[in-house]
Amino acid sequence: IQPDGTVQHPQLGSGDPIDAFAAELADAVEGARTGIEPPTLSGGLARQALAVCRAEIASVRERRVVAIA
């Protein structure tokens, strides 16, 4: 989710979880090598993923729809 509210849809590749994990590791290695944060492993994406997880937990516990802030 972009700051303007638009949604960015990532390329998902083959759908094979091993391929996805290998690509994530390659991005991490490249980021460590260059010192440039890979867009696929940004802190912002991590925060968004955590917000979704927390909202899911709250939704199940409270049995209601929870907005993601």
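Helices (H or I, at least four residues) and strands (E, at least two) are DSSP runs, numbered from the N terminus. By that rule, the protein chain has two helices and zero strands. This is a predicted model, where local features need pLDDT of at least 70 and side-chain atom pairs count only at pLDDT 80 or more, while totals for chains, interfaces and linings use all residues. Residues are numbered from 1 along each chain as its sequence is written, and side-chain values use heavy atoms, with hydrogens and water left out.

**Overall form**
- The radius of gyration of the protein chain is 15 Å, whereas a compact globule of 69 residues would have one near 11 Å. This radius is taken over C-alpha atoms, and the globule rule is 2.2 Å times the number of residues to the power 0.38.
- The C-alpha trace spans about 45 × 30 × 20 Å along its principal axes.

**Surface and charge**
- Of the 69 residues, 7% count as buried. Buried means under 20% relative accessible area, exposed over 50%, and partly exposed in between (1.4 Å probe, protein chains only).
- The accessible surface of the protein chain is about 6000 Å², and carbon and sulfur atoms hold 62% of that. Areas come from the Shrake-Rupley method with a 1.4 Å probe.
- There are 6 positive and 9 negative side chains, and the centres of the two sets are 14 Å apart. Lys and Arg count as positive, Asp and Glu as negative; His and the chain ends are not counted. Each charge is placed at NZ of Lys, CZ of Arg, CG of Asp or CD of Glu.

**Helix α1 and Glu-30**
- Glu-30 lies in helix α1 (residues 17-34).
- Glu-30 is partly exposed because its relative accessible area is 37%.
- The side chains of Glu-30 and Arg-33 make a polar contact (2.7 Å). Such a contact is a pair of N or O atoms within 3.5 Å; within protein, one must be able to donate a hydrogen and the other to accept it, and residues adjacent in sequence count only if both atoms are side-chain atoms.

**Loop and helix α2**
- Ser-42 sits in the loop between α1 and α2. Ser-42 counts as buried, because its relative accessibility is 14%.
- The Ser-42 side chain reaches the backbone nitrogen of Leu-45 at 3.1 Å.
- Helix α2 (residues 43-62) has 20 residues and should span 28 Å at 1.5 Å a residue; its end C-alpha atoms are 28 Å apart, which agrees. The expected span is 1.5 Å times one less than the number of residues.

- Most residues other than glycine have a negative phi.
- Arg-63 is exposed, because its relative accessibility is 77%.
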